[in-house]
Amino acid sequence: MLEVRNVTRVFGNRIAVDRISFTVDRPQFVGIIGKSGAGKSTFLRMMNRLTAASAGEILFEGRNILSLTGAAARAWQSQCAMIFQQFNLVPRMDVASNVMHGKLNSRSTFATMFNLWSREDILQALDILDRLGIAEQAPKRAEALSGGQQQRVAIARALMQDPRIILADEPIASLDPMNAQLVMDTLKKINTEDGRMVIANLHTLDTARRYCDRVIGLRDGRMVFDGPASDLTTEAAREIYGADESFNESATSTEIPVTPMPAVRRPRPAAIAASLL
Ligand SMILES: Nc1ncnc2c1ncn2[C@@H]1O[C@H](COP(=O)(O)OP(=O)(O)OP(=O)(O)O)[C@@H](O)[C@H]1O
Ligand SMILES: [Mg+2]
């Protein structure tokens, strides 16, 4: 379904991404790892058309998404939602409205200017928030939430677009281990339950090993590893992160706890909807 062919990006005389090629034939959870500057963000940004590629093709179901223009390019952007390390929410806006902004592409400018959300939009946003375990936060300002909750709001906003692919650029790099686990579990659930492909840049090996079906390792823009997480041995990691550095497993570990999260009773979305409608 996704075929990346020789994708390259050059900045001045620096090759940030150098002829990357791989194929994903089902909605896998794909992790991209590599040192700072390896080209991880540049690659995701090319997938989402935020950065132009210098060469190569990215075929999604046979169509080269790098050659789309205008409305077709915007439609592609809503098919592959992006999640960032810093959440990128509107801090003073309530959580429900932040989530509904995921629909911006498909709404009129007038409705957007006056925050005129339809009843369907509100109910859909609350359903998604409920699924992610944070429906009760819907009326609060985004800035009042913890980092882990804000990242789940960002995921909810992405889901509002009903994307085929979720691109996540270091989604847990700003979170403590407990919140990191919640966010990664949420991405995994969306991947397995909805069949949406997830491609996540990850800064720790243990997270890649634990959550990914498939791991791609970049080094200086080149792909030096492509395989199942179980093949990500210490030796393979050394190849990705560089043998010249004093490579240390613990330096790339966040020690995400392995205990299941406790079940929490939450108010039903209908009750919250009643207060918003
Ligand atoms: N807009 C830009 N202009 C010039 N050079 C850039 C630009 N964006 C990225 N680069 C360069 O491209 C290379 C890859 O950067 P990129 O941000 O993709 O790396 P990364 O793997 O995401 O790193 P990090 O782990 O620090 O986020 C780096 O050398 C970077 O300096
Ligand atoms: Mg980056």
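Two strands count as paired when DSSP finds at least two bridges between them. The model described here is predicted.

**The sheet**

Six strands make up an open sheet of mixed pairing, and their order is S6-S7-S8-S3-S9-S10. S6 and strand S10 (222–228) are the edge strands, each pairing on one side only. On average, neighbouring strands of this sheet are turned by 15° against each other, direction ignored. In general, strands of a sheet pair through backbone hydrogen bonds, either parallel or antiparallel.

Two of the pairings are set out below.

| Strands | Sense | Bridges | Residues opposite each other |
|---|---|---|---|
| S6 (residues 80–84) and S7 (residues 165–169) | parallel | five bridges | methionine 82 and leucine 167 |
| S3 (residues 29–33) and S9 (residues 214–219) | parallel | four bridges | isoleucine 33 and glycine 217 |

Strand S6 is an edge strand, yet S6 is mostly covered, with four of its five residues buried.

How values were computed: Residues numbered from 1 in each chain as written. Chains lettered and ligands numbered in written order. Predicted model: local features only at pLDDT ≥ 70, side-chain atom pairs only at ≥ 80, totals over all residues. Buried ≥ 20, exposed ≤ 12 C-beta atoms within 10 Å, placed from the backbone. Helix = DSSP H or I, 4+ residues; strand = E, 2+ residues; numbered from the N terminus. Axes fitted to C-alpha atoms, helices over the stretch in contact; angles between N-to-C directions.
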